Amino acid sequence: MSFALPRYAELHCLSNFTFLRGASHPEDLVERAAALGYAALALTDECSFAGVVRAHVAAKRCGLPLILGTELRLDDGMKLVLLAPDRRAYGALAALITLGRRRAKKGHYVLSAGDVEAIAGSHALALLIPGDNADPAQARWLAERFAGQAWIAVGLHCGPGERARLEHLREVARAANLPLVAAGDVHMHLRSQRRLQDTLTAVRLGKPLAHCGHALYPNAERHLRQRMRLAQLYPPELLAETCAIAERCHFSLDALRYEYPEELVPKGETPASWLRWLAAQGLAWRFPGGIPDKVAQLVEHELRLIAELGYEPFFLTVHDIVSFAKRRGILCQGRGSAANSAVCYALGITEVDPKRMSMLFERFVSKERNEPPDIDVDFEHQRREEVIQYIYQKYGRARAALAATVICYRPKSAVRDVGKVLGLSPDQVGQLSKSLAWWDNRAQLPERVRDAGLDPQSPLVERLLELSTALVGFPRHLSQHVGGFVISRGPLAELVPVENAAMPERSIIQWDKDDLEALGLLKVDVLALGMLTAIQRALEFVAARRGVAFTLADVPPEDPATYEMIGRADTMGVFQIESRAQMSMLPRLRPENFYDLVIEVAIVRPGPIQGGMVHPYLRRRQGLEPVSYPSEAVRQVLERTLGVPIFQEQVMQLAVVAAGFTPGEADNLRRSMAAWRRKGGLEPSECRLIRGMLERGYSRSFAESIYRQILGFGEYGFPESHSASFALLVYVSAWLKRHEPAAFLAALLNSQPMGFYAPAQLVRDAQHHGVTVRPAEVGASHWDCTLEAGAVRLGLRMVNGLSEAAAGRIDTARAAQGFTSVEDLARRAALSRHELKCLAAADALRPLAGHRRQAHWQVAGVETTPDLLGQMPQRDPELVLPAPGVGEQIVADYASLGFTLGPHPLALLRPRLSRLHVVNAERLRSCAHGAAVRAAGLVTCRQRPDTASGVVFVTLEDETGTVNVVVWRHLVERQRRALLGSSLLAVRGVIERDGDVVHLVARRLDDYSALLGRLTARSRNFR
């Protein structure tokens, strides 16, 4: 006798986007439901659509019908699941989620029965999720409001009294005239996720697992169950009803259509005509002597393609935002993707002249992809908020919001949360967390546990490892994207739910950039770039010193002295080329013009490195290898980079000219290879590419090399357009460092935090270049650092703990009259005891009180009560204290400022270090290749690039300069404590020279931090 499995659609299912409740990824739920033969799956995360795009993509791949819905708990305790059968209902649900989320602080929502009643006519379907005792009044209310569109959900999870409960629900259903339907209240795709689900519950409640009691589910039945099991639990009619409901649901995210804002086009114009007019005006401004034919042809080609795809409003939107910034004097620069098209140059979105570039517009806008173009615009990071608020004001909070970023568990956060709920002591959790480096992955957790003094084989620790490993990658909460704005014609909430961000006056949608890309929706990136702030501030300093306006356009192009400095890798503080990897490349490449900088920015990237392009390019540039081309077509693509593909566009153009791909097909190839590289299945693309080249007369070896290069660029390539935008800022910042070093330093300090280097290294580097740096003092310093007769006066912003408001009061009081004493300063600037102590600690009271000890003594005697200050009598003569020693001054400087203008700490330690045979950085640079040496210095930077196969690069600083240390992977694992925990690190190693580039390859690491005593020095660590 055969048994036919019932058809079934799961209508109540939570993913891990119901944060700390759901225990499975949306994709896993979809794939499991498809494997079980479900008729459909409804993703119903609590007051959220955050996971629906991922489920949608997986469902299309699996061929499983996906229903979109949401679970809601109303303020009166009623619990509902609402489903979207069509576009109208989807928009109503998205708006309802927005309403609930916008009423509450981030991570919460508030909705009432009246709010749900308001969408009853939207076609939305409603399921009442009864508690242990179903409330007949709730059922009657639902039946009246959602007539013919409401059900009572029956969840049977093998608990006690379920048969009686089912009978009770039948009675309630008959009384309310509502049908019953099966629903699983699914929280996980597999039963084996139960322990993880319990752990998430404990994390959510903030309790140890052992104390959670009835808050944990009694069994693992809230998973996607086999249909045979469901047939044993549910009456057939309840299972059949799930499919009847599913058949009413036809909505798919594919039905969403983005509508661009309309208000940017004047009356009587169309988006196409207005964009064409703006482009013509811009070209006339850019080329007053006549538009070059190449540029005119490029603009015409781009405008035709933009019009064909209907993207004019996108370009108009970006143009409007950039125009606002320029009106407000906010420096900005478009980059990447479509930003460096000829049209964007005409619109003023980018400053990269298309005459100097060879752009492939289809890399950014193509008929085959039919996706919106991508334009990133960087703004001064300290003024970007003005741009963001302009967008909100222009379009309203109902039509503009930032994209989300999904914050996921990493090993450190997973271990920390799991350790707490498993009952580990705070000390154990802290020690375990400290043992993890920023690069550690799941596979390294057992070893890190052992490093923390725990036994990986104990039952408790085994459970910790199991659960932490499972939790890594789980979404924890939504945060705001760095600047990706979604702007719509109508209410944005009907397209995607909007919720409050943690920052005031910010709102975010519930989808991230990958979700938007998957659905082909518009995102305008309004990004912050610290170097733009620094450049703008430096230009203002230069203008003030010269007495005439000085802008970006006034920076002399192609300055030999600037390129000479770059070629020496004297680039600390310079945009993009200040990293260790870039500094190592600069003396080898020795840029001589702007296009060399474009190549420099792009070549030190994973794509060229993994594709094997770097060394061939350098050999050809140095004349050590001949440059050859297999055809004239290939020459046209690769001639500017000596026959070696450096940029994404070049690799794609090779697919076009050598294998017969269209431009859009070439980009699809690149994108597909990025995915196939991770998941396998490269053969069809490889065959077509190689076959196309062989048919056109190219050799198999050439065809296979191009394939490998495309493969390397698939995930990590760098577009020429992006590199060109960055190269412009590289040149300007380098010119400022070379010719206006004081202005450049002051601007960098006023723009912190930014870049690879902390103020300590920037100040010391500037002093090495002859810049005089004067201390922060209440009698001369403003909030920002300033220029005094060519010297840099440190601003009060450098004083740890002092607010800008306090600095402003000091400025105002000093402008009226100079200060005569600490008491006078405290009274007229209305400074608190804390603010006075901060100034004393930074030695900023020296003109009024003398050395630090004397300043602290005077501050201690100041009465800060306002009514007493006004009647303060003249104080008796002060006790004269001995001045602190040089070492004490250095320790105090580092504690308050993060650096010292006095001797470097290692200058004081040099006699002791010399006895230990430690050489300084200056002497190390003259050592021969292969020499064994020992060096030591303050750790200023640690880097571990993803492409470095586990190698860590460390920068050490002493009184004579810096030492670049290479720590191979095997040593990283053996000496983690010294590597990651040292402030003062000693390295025994071997000198490795490559021309002017010198590295110390570590053989042994020693922690000398104890020699620093109370001095605190911090490093910057980068992946």
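Two strands are taken to pair if DSSP finds at least two bridges between them. With that in hand, here are close-up views of a predicted model.

**View 1. A seven-stranded open sheet with mixed pairing.**
The strands of this sheet follow the order β8-β9-β14-β11-β10-β13-β12. At its edges lie β8 (332–335) and β12 (498–500), each of which pairs on one side only. On average, and with direction ignored, neighbouring strands of the sheet are turned by 45 degrees against each other. Within the sheet, look for β10 (residues 400–408) beside β11 (residues 475–487): eight bridges hold this pair in the antiparallel sense. A handy landmark is Thr-405, which stands opposite Ser-479 in β11.

**View 2. Helix α15 and its mostly covered surface.**
Helix α15 spans residues 411–421, and eight of its eleven residues are buried. The buried set is made up of Pro-411, Ser-413, Ala-414, Val-415, Asp-417, Val-418, Gly-419 and Val-421. What do these buried residues of α15 pack against? Their partners are the helices α7 (194–205), α16 (426–434), α17 (445–451) and α18 (459–471), together with strand β11. Just after α15 comes Gly-423, with a positive phi of about 95 degrees.

**View 3. Thr-533, a buried residue of helix α20.**
Here we zoom in on a single side chain. Thr-533 belongs to helix α20, which covers residues 530–546. Is Thr-533 buried or exposed? Its relative accessible area is 1%, and buried means under 20%, so Thr-533 counts as buried. Neighbours within four places in sequence aside, Thr-533 is in contact with Glu-380, His-381, Gln-382 and Ser-751.

**View 4. Strand β2, covered on both faces.**
Strand β2 takes in residues 40–43. On one side Ala-40 and Ala-42 are buried, and on the other Leu-41 and Leu-43 are buried too. Strand β1 (residues 9–10) pairs with β2 in the parallel sense over two bridges, and Glu-10 has Leu-41 as its bridge partner in β2. Together with helix α1 (residues 26–35), β1 and β2 make a right-handed β-α-β unit. Strand β2 is also joined to β3 (residues 66–73) by three bridges, again running parallel.

**View 5. The largest cavity, with a volume of about 80 Å³.**
How many cavities of 30 Å³ or more does a search of the whole structure find? There are four, and this view shows the largest. Its lining consists of Met-572, Lys-737, Pro-741, Phe-744, Leu-745, Leu-748, Leu-762, Asp-765, Ala-766 and His-769. Both α32 (741–750) and α33 (759–768) supply at least two lining residues each. Helix α32 gives the largest share, with four residues.

**View 6. Strand β22 and its two partners, β20 and β21.**
Strand β22 (residues 997–1007) is mostly covered, with eight of its eleven residues buried. Its pairing with β20 (residues 961–967) is parallel and rests on two bridges; there, Val-965 stands opposite Leu-1000 of β22. Its pairing with β21 (residues 984–994) is antiparallel, with ten bridges.

How values were computed:
Residues numbered from 1 in each chain as written. Predicted model: local features only at pLDDT ≥ 70, side-chain atom pairs only at ≥ 80, totals over all residues. Heavy atoms only, no water. Axes fitted to C-alpha atoms, helices over the stretch in contact; angles between N-to-C directions. Buried < 20%, exposed > 50% of the residue type's maximum accessible area, 1.4 Å probe, protein only. Contact = heavy atoms within 4.5 Å. Right-handed = clockwise from strand over helix to strand, strands pointing away. 1 Å grid on protein atoms, 1.4 Å probe; cavity = no way out; pocket = protein on both sides within 12 Å on 5 of 7 lines; lining within 4 Å. Points joined across faces, edges and corners; volume = space filled by probe spheres on them.
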